[in-house]
Structure formats: C-alpha cells, structure tokens
Amino acid sequence: MSGLEGSALLAAELHLVRPDMKSFIRLATLATLAALAAGAAMAGQITSIFQPLATPADQVYSLSVLVLSICAGVFLIVGGLMLYAIVRFRGGGKDHATEPAQVYGSNQIELAWTVIPSLIVVVLTIATARITSAVQDHAIPKDALHVTVIGHQYWWEFQYPDLGIVTANELHVPVNSKDKPRTTSLTLKTADVTHSFWVPELAGKTDLLPAQTNSMWFDPRQPGVYLGNCAEYCGTQHAKMQLRVVVDTAEDFEHWVAHQQEPAATEASAVPFLTSACIACHTVQGTAARGKLGPDLTHLMSRPQLAAYDLPNTPQNLRAWIENPEVFKSSSRMPAAHLPGQKLDGIAAYLSTLK
Ligand code: HEC
Ligand SMILES: [Cu+2]
C-alpha cells in the first residue's frame, strides 16, 4: 500500500469515527470515573502514590502534585502556542516562495525564554530539596519499632532485633494512631545485589545497596494491607519479589508479636524435614534447622502467601513448591528437592503445622 493510499484510508476511517467521538468521550469519562471509584474502594489494595496513607507518602504526594501541575502548565502553554502557530500560519496561498520574517536580536524575547525556565527550575529544585530534607532529617522517636530489612534474590527478610523475631515477605507494623503514636524505622541491607523497597502508599523508594546501609521510616495512619514490590531490577524473578506491609492496630500487633515469639508449635514429626537438605538453608527456631539462605520457616503458616508473590499458602501449593520451585519461580534460589513422594508428604505435613 502506498503512503498516499494509506493516508486516504486513515482519513476515511477518521471520518467514519468522528460522529462517534462524543459517545467515545462519554464512555471514556465513565470508565475513568468507574476506575477512580474502584480505586477509592480498594484503598490499600492497589499501589498508588496518589492515595498516601502515611507521613512521608503525604509529602511525596504533595511534591508530585506540584511538579505535575507546573509541568502540565508548561505543556499546555508551549503546546497551545505551537498549535496556534501551526494553524494560524500554515502554508498555502501565494506566499510559498517568500521567507517568513526573521526575528533575532530581541532582548525581550531572549530574556523571557532564559529567565522564566530558570525560575521554574529554581522553584522545582527548592521544593524537592525541602521535602527531601524534611523526610531525611526527621527525628526517629525513641519508642519507634526497628526492623532490619534484608533484600535477597527474590524475597524479603524482616528481622526485629528488639523483639527477637525473624520473618519473610510480610512486614507487620503497628498503626500510628492519635492515642498511640508509633513510627516504624527500617534499616535496609542486601544479601546480594541491589534491591529497592517501595510501598507507594506509605513512603518513597529506598534502595538496598551492597556495601551501604540505608534507612527509611513511616507512620501509617490506617490499618490494612499495603502492597509493594522490589523497585530495582534484581534478576529474572524481580517481578515476583513482592512485599506486603500489614499495618495492625496496637492490640493486633502485640498479638502478632507474642505469637511470632512462641517456639514453633507442631504436632507432626520433624524427622523428614530435619534429615533433608532443607536445613542448610532454612531455620525453624528450636530445631537443628539453622540455615540462613532462605526464609525463616518457624511460623510459615502465619503467612498467607508463599515465595514472595501471590501464591496462596495452601497444603497443595506448599507441597508442589517444595517438590519443584521451578514450576512457580524459575531460577529462584531454592533447588528442586527430587525427593520420594512419601518423604515429600512428610515434610509438607510437618511444615503445615508451623502455625
Ligand atoms: C539452597 C538453599 C535452599 C534449600 C536447600 C531449600 N530451600 Fe527452601 N527456599 C530457599 C530460598 C532462597 C527460598 C525463597 C525463594 C523465593 O521466594 O524466591 C525458599 C523458599 C522456601 C519456602 C517458601 C517460604 C516462604 O516464606 O514463602 C518453603 C516453604 C521452603 N523453601 C521449603 C523448603 C524445604 C521443605 C526444603 C527441603 C526439601 C527447602 N526449602 C530447601 C532456599 C532453599
Ligand atoms: Cu529485588
């Protein structure tokens, strides 16, 4: 098809579409409103910087609104003037051969296009620096909850040094309420490559870097489950390195802590598990399993998901995961067990009692 035919076809299609434009706009508006309503209803379930529910996220949000509106203003003015010039001074008529008037050496114009953009850049810089320093210099209260976050290819380790708890992928923190203000302070490290901790509704991103310890904090004001993801490409399964921050009421958090501090409660025999290679990588408190390369399994069943993504922690999935993690997360750092069925059943049965 020649370019000419192509554009003729396009014009015809445009012509066909035009009468429907109004209903299309109506439909698009409806769809947008529906999406917004759904978004509002699911607050805490989706990841959006436009629904901040904790302190640094509020500041990040106000800054992004400022930056977005300045940029939108620039876009509208520049785009509008350009559109005006294109339409108003379009070619045609008799003046094809003559050159348009050449404007140069105008101090006024040159000053305007130097001073205005400089002012805009200064405003953006000051606003950004102000918010960045307010977030970074924020004094962490003495009674804050301290958690050490360690990024692993492709899962999160959460250590609560003051409480003696180690868990994975699901970070429990207390809500910051008026009568019980409580800040969460995170120390961020990595066991291998660079990862990035990002839960948009709670705070901005902070990287977990080799050879450097970073920190961040947040005080969430609404209980719920907040979703995040590793925000720095760290390998093939980067997308399945999700994290959940469960913001508990003060009482729920105390219950959770007390439960996590209990020794592994179990009725089943631990023998199949303790006689497998599993213990080289996994810890179950109070047993000979002291491995550190994989998630702590002491209270495995208290986590609703397996393997740092939305794989429900059911007995079937648990057994299938142990049998061959490749099926779910190819090139995860856990090798397939290649165990006889009976032993696999024994291990799965034992693990599913680790409430
Ligand atoms: C070489 C180290 C290694 C060995 C051996 C190993 N695992 Fe793992 N395991 C891991 C790693 C790493 C992960 C995290 C995988 C991910 O999410 O990407 C993991 C994840 C898991 C999980 C999911 C934990 C969670 O919180 O989601 C279970 C359950 C598990 N392993 C059980 C076992 C059992 C049972 C065995 C023995 C048959 C075993 N593992 C052997 C390294 C290992
Ligand atoms: Cu990562």
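Ligand 1 lies between domain 2 (145-261) and domain 3 (271-351), because both of them give residues to the shell around it; the domain bounds come from an automatic or database domain assignment. Before I go on, this is a predicted model, in which local features need pLDDT of at least 70 and side-chain atom pairs count only at pLDDT 80 or more, while totals for chains, interfaces and linings use all residues. Residues are numbered from 1 along each chain as its sequence is written, and chains are lettered from A and ligands numbered from 1 in the order in which they are written.

Around ligand 1 there are 30 residues, of which the closest are Cys278, Cys281, Gly294, Arg333 and Met334, and a residue is taken as near when its C-beta atom, placed from the backbone, lies within 6 Å of the molecule. Two or more residues of this shell come from helix H7 (315-323) and from helix H8 (341-351), with H7 giving the most, 3 residues; helices (H or I, at least four residues) and strands (E, at least two) are DSSP runs, numbered from the N terminus. By class, the shell has 22 nonpolar, 5 polar and 3 charged residues, where Ala, Val, Leu, Ile, Met, Phe, Trp, Tyr, Cys and Pro count as nonpolar, Asp, Glu, Lys and Arg as charged, and the others, Gly among them, as polar.

Staying with H8, its buried residues include Gly346, Ile347 and Tyr350, and what covers the buried residues of H8 includes helix H6 (271-274) and H7. Buried here requires 20 or more other C-beta atoms within 10 Å of the residue's own, exposed 12 or fewer, and partly exposed falls in between, with C-beta atoms placed from the backbone.

Let me turn to the sheet, in which 5 strands form an open arrangement in the order E3-E2-E1-E5-E8, with mixed pairing; two strands pair if DSSP finds at least two bridges between them. Strand E3 (165-168) and strand E8 (214-218) stand at the edges with a single partner strand each, so one side of each is left without a neighbour in the sheet. Strand E1 (residues 145-152) and strand E5 (residues 184-190) run parallel and are joined by 7 bridges, and Val149 stands opposite Leu188 in E5.

Finally, Ala144 is found in the loop between helix H4 (107-136) and E1, and it counts as partly exposed because it has 17 C-beta neighbours inside 10 Å. Leaving aside neighbours within four places in sequence, Ala144 is in contact (C-beta atoms, placed from the backbone, within 7 Å) with Thr183, Thr184 and Ser185.

Methods
Two residues are in contact if their C-beta atoms, placed from the backbone, lie within 7 Å.
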